[in-house]
Amino acid sequence: MMRWLLFIPVCAFGVPTVLAQGVNTDAEIPLTPPAYKMLRFDEDYSCLTNQDNRTDLFDPVKYIPLRKDDPLWYLSFGGELRERVEGNYDPNFGIGGVGSDSYLLQRITLSADVHLGERVRFFVEGISGIVVGESHTPPPVQQDPGDLQFAFVDVVPWLNEDQRLTLRVGRFGMSFGAGRLVATRAAPNIPFRFQGVELLYSRPAWNVTSFLTQPVKDSGGISSSDHSTTFWGLYATHYFDAPRTTGLDLYYLGIHNDHATYASGTADEHRHSLGAREFGVWRHWDWDAEQVLQLGSFGSDSILAWTAAINAGYTWDTLWQPRLGIKTGIASGDHDPNNGRQETFDPLFFKSGYFNDASLIRPSNIIGVHPNLTLQLSKSISVDGGADWFWRYSRNDAVYGVPGDIAIPALSNAPSYIGTALDVNLNWQIQRHISFQASYVHFLTGSYIHQAGGKDVNYFSTTFTFLF
């Protein structure tokens, strides 16, 4: 049903346009270029309508004027080259016979962004992800030599001085709030993408998004939408200050999956998530808290699941700006697979590296407590690390892997304690276009994992990224 949505932006993008040689720079424009974002189509390069702002080597391809009399008709190209080395020693806690491995992940993206004034826009991005050196067959989320990542058209039917309503049709990415339920899945080669329609409304104190989509399959080739799953929702954010640092999110997310799988079995599922998120900064404090209730049906069972999480910290205004923080959260699990109620929380399309860069555990049937410390060693270099203790919420439910598979079965007689993950991470913004990240995780496992045949895990990654 939704395949036709893909062809609208692709065909429209092919309409020829004549490039202009000059541009009028009298319009009101921002003064600085945007920071690079996980979703590259969220970047706005209209600041380059002012020739005085064109100081970067790549500005000639970030802003190519299309009309002499209108600076907001322009073409912008972008791209990414990412080289990521991962070492996975005893992945999945050594269960399942998958041996230790190290390999290179390479991701390349190229995008074209056409703005035809303030009311029409076309965006297309291609992606290539390959794995080098892995001793096992890599999954499609890592090995996809050529695919269409994004392709959509934006039409703005309503626009005034401080309000904007945009209709988006095609293939696009989504990320809401802290990414606990909907995010970009940045660590693997191929991020999440969705195909469908989206309605975006913005004004100074509000952002509201509604959408109806199907996720795109990870097929290892030119991917189509996954017709077994439909995902829709409404997400609203209200800001209490002009810098947009303090606010409240309220949302509803619905999903239909005709083959949802948990430790209790596989069935047709309709799940509805009602959530709230509170975030802000005050003096040296910062906080981000979220609560979600899930209702619906799983086969003949009803659904009653929930989660609550908080990430808060205090930053000292002194050498290295140390921030002492705490991340803690609970995601419900199923107490009894035979009581007619499914209680396992589903985190939907949550962010990669949810607990740490090793991405071993899905935030379902889990309790986690993660004190951490961040140091800003220089303007461009930061280091953070901590320890994360994990318990199962219910002994009668499994520990789930990141894709949703059962990583460790439900051993009701085993302790709830899973283990403790120790992590340290380095971030170095070498210059605007180049960054480097490194991460190390050691997971100390408890007797529950040992009873399932598992053991400790070591993981490291290094990532060089070039963006333009």
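**Charges, rings and a surface patch in the predicted model**

S359 is found in the loop between β15 (341–342) and β16 (366–376); helices (H or I, at least four residues) and strands (E, at least two) are DSSP runs, numbered from the N terminus. The model is predicted, so that local features need pLDDT of at least 70 and side-chain atom pairs count only at pLDDT 80 or more, while totals for chains, interfaces and linings use all residues. Residues are numbered from 1 along each chain as its sequence is written, and side-chain values use heavy atoms, with hydrogens and water left out.

Although S359 is not a glycine, it has a positive phi of about 50 degrees. Most residues other than glycine have a negative phi. At 28% relative accessibility, S359 counts as partly exposed (buried means under 20% relative accessible area, exposed over 50%, partly exposed in between, with a 1.4 Å probe and protein chains only). D90 also has a positive phi, near 65 degrees, and lies in the loop between β2 (73–89) and β3 (101–116).

The structure holds 20 salt bridges, a salt bridge being a side-chain nitrogen of Lys or Arg within 4 Å of a carboxyl oxygen of Asp or Glu. One of them joins R84 to D357, with the closest N and O atoms 3.1 Å apart. Because R84 lies in strand β2 and D357 in the loop between β15 and β16, this pair ties together parts that are 273 residues apart in sequence. Both R84 and D357 are buried. D90 takes part in a salt bridge too, meeting K455 at 3.6 Å, N to O. That pair links distant parts of the chain, 365 residues apart, with K455 in the loop between α3 (447–451) and β22 (457–467). D90 is partly exposed at 22%, and K455 is partly exposed at 43%.

Another salt bridge brings together the side chains of D154 and R121 (3.6 Å, N to O). D154 lies in strand β5 (residues 144–159) and R121 in strand β4, so the pair ties together parts that are 33 residues apart in sequence. D154 and R121 are buried. Through shared partners, salt bridges join D113, R121, D154, R168 and E198 into one network.

Turning to the rings, the count comes to 30 aromatic pairs. Rings of Phe, Tyr and Trp (its six-membered ring) pair if their centres lie within 6.5 Å; planes under 30 degrees apart count as stacked, over 60 as edge-to-face and the rest as tilted. The rings of F41 and F123 have their centres 5.7 Å apart and their planes at 75 degrees, so the pair is edge-to-face. F41 and F123 are both buried. F192 and F349 form an edge-to-face pair as well, at 5.4 Å centre to centre and 85 degrees between the planes. This pair links parts of the chain 157 residues apart. F192 and F349 belong to a cluster linked by ring pairs, whose members include F211 and Y251.
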